[in-house]
Amino acid sequence: MIVVGLGYVGLPLVHRAAEVGIKVTGLDLDDMVVAELNAGRSHVDDLSDQDVEAALGRGFRATTDTSVVAEADVVVICVPTPLSPDGGPDLGAVLAASASVGQHLKPGCLVVLESTTYPGTTDEMVRPILERESGLTAGVDFQLGYSPERIDPGNATYGLVNTPKIVGADDPASRERIAEFYGLVVDSVVHAKGTREAEAAKLLENTYRHVNIALMNEMAQAFHDLDVDLWDVIDLAATKPFGFQAFYPGPGVGGHCIPIDPSYLSHRVRTQLGRGFRMIELAQEINELMPTYVARRVQDQLNRAGKSTYGSKVLLLGVTYKADIADERESPALDVAKKLLALGAVLSYHDPYVSDWSVKQAARVDDVLTGAGEADIVVLLVNHREYDTSAIAAVSPLMLDTRGVVGSSDVERL
C-alpha cells in the first residue's frame, strides 16, 4: 500500500494501516517531512513520535521516490487542495499526484482519492490522467474510488478508526474493492451511490457547519446591541431534545475545512451552472468579517475604560485555529492581529503550541498570568486546555472572551 501525501490525513492512515498488518509506504515530495518521519519524528498533532516509531517498527518507510507505486496493490492520494486565487480549489497537487501514480500504476491496483474537492473530480480529472499515463482502463484494469477524509485534529473521541468512512465508486468492481480495503482499517464503512455523491458529502458536512456558525456570528453582533446574552440563549435552546443543534460564535473560522470546503461547492455551481450559491457566499462574508468585529469590540472596551486603542497593550490568547493543537492554518487570529495593529495597538500573544508566530510585531509572552496583568486588555481567541481562564480573568484589567467560557461577570463575552 502507498499513501501519497503524509500530512494530517495521510499519516494517520499510514499508522492505522501498519497497525492492522498492511505493508505501507508513504510518498511525499517534501524531503524534510520524509527525513523526519524516517527518523521517528511526527509533524502532525494527532500522532506522537512513539506512534511513528511504532509504524516504522512494523515496516513503514517514507520516500520521495514515485517509482514505489509500481509495487502497490492500493494507492491512496491524500494531498492538499487549497483555494486558488479565483476562489476555486487548487487541484495542482491532485493532478500531479495522479500523473505520478499513473506512470507507475500496475494492473489490479486500487486507487483512492481522499483529498477534499468538488463533485466530479475523481471521474472527470483523476480517472483520465490515470488512464492516459498508465494505458489502463478504470473499472477494468484497475479500480478507482473516492473516500472523503473526516479527520478532526485534536478530537480525543472520534478518529480515523471509529468515524464512519464514506466510500464511493462508479463501477461494481471498484465499489467492492474500496469497501473491502477500508473495512480492514475502520470500524464502519458507508456506501455512497458514486464518486460524485461521496465528494459532495464532505462539502455538505462542512457547509452545514459554516452556515450555522455564520448564523451565530451574526446573532452575536445583533444580540450584543440588543443587550441579550447569546450564550445563555444558546444554552436555553439546547435543552430542546429535538430540532436544534448548538453552534457557537467566535472570532472567525479557521482550519482547512470550514473556511475552504464550502468555496469548492460554490465555485462548482458558479462555473458549471452559471449561478451563485447565495447561502454559502453570505456565510463566507459574515464569517470573514468577524475579526474586524472583534477588533471593534476591543476598541469599544478600551474606550469605555478611557483608553485609546492606539498605544494600548493587547494580549491575544491562542493563535491556532482551534484548541489544543498546533495547527495555524486559516486561523482568524492572524486577521484579528492585523486589524488591531492597524488601530495602533501594541500586540503580544501567548499560545502553548506556537513559539514563533508569523505576526512578528506581536511579542510572545512566556508567562500567561504575568502577561495578562501587564496588558490593558486580554482577548481570548482560543480556549486551550492549559488556560486557567478564571485565574487569567482575575489579573486582567479588561478581557474580551470570544469563546464564551469565562464565567466572571467582569469579563465581556462576544
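Biologist: Which residues in α9 meet α10, and which residues in α10 do they meet?
Modeller: In this predicted model, Pro262, Ser263, Leu265, Ser266 and Arg270 of α9 meet Ile280, Glu281 and Gln284 of α10.

Biologist: At what angle do the axes of α9 and α10 cross?
Modeller: The two axes cross at roughly 140 degrees and come within 9 Å; because angles over 145 degrees would be needed for roughly antiparallel, α9 counts as oblique to α10. The crossing of α9 and α10 is left-handed.

Biologist: And α9 itself, how many residues does it have?
Modeller: Helix α9 has 13 residues, 261-273, and reaches 18 Å from its first C-alpha to its last, which is close to the 18 Å expected at 1.5 Å a residue. After α9 comes Gly274, whose phi is positive, near 75 degrees.

Biologist: Which residues in α9 are buried, and what covers them?
Modeller: The buried residues are Asp261, Pro262, Ser263, Tyr264, Leu265, Ser266, His267, Arg268 and Val269, and what covers the buried residues of α9 includes α5 (121-134), α7 (195-225) and α10 (278-288).

Biologist: Switching topic, which residues touch the most other members in the largest nonpolar core?
Modeller: That core has 38 residues, and Met1, Val76 and Tyr182 touch the most other members. Elements giving two or more residues to this core include α1, β4, β5 and α6, with the largest share, five residues, coming from α1.

Biologist: What is Val76 in contact with, leaving aside neighbours within four places in sequence?
Modeller: With those neighbours left aside, Val76 is in contact with Met1, Ile2, Val3, Val4, Leu13, Val112, Glu114, Phe181 and Tyr182.

Notes
Residues are numbered from 1 along each chain as its sequence is written. This is a predicted model: local features need pLDDT of at least 70, side-chain atom pairs count only at pLDDT 80 or more; totals for chains, interfaces and linings use all residues. Side-chain values use heavy atoms; hydrogens and water are left out. Helices (H or I, at least four residues) and strands (E, at least two) are DSSP runs, numbered from the N terminus. The expected span of a helix is 1.5 Å times one less than its number of residues. Buried means under 20% relative accessible area, exposed over 50%, partly exposed in between (1.4 Å probe, protein chains only). Contact means heavy atoms within 4.5 Å. A nonpolar core is a set of buried Ala, Val, Leu, Ile, Met, Phe, Trp, Tyr and Cys residues joined through side-chain atoms within 4.5 Å. Axes are lines fitted to C-alpha atoms, for helices over the stretch in contact, and angles run from 0 to 180 degrees between N-to-C directions. Angles under 35 degrees count as roughly parallel, over 145 as roughly antiparallel, 65 to 115 as roughly perpendicular and the rest as oblique. A crossing is left-handed if the near helix is turned anticlockwise from the far one by less than a right angle, and right-handed if clockwise.
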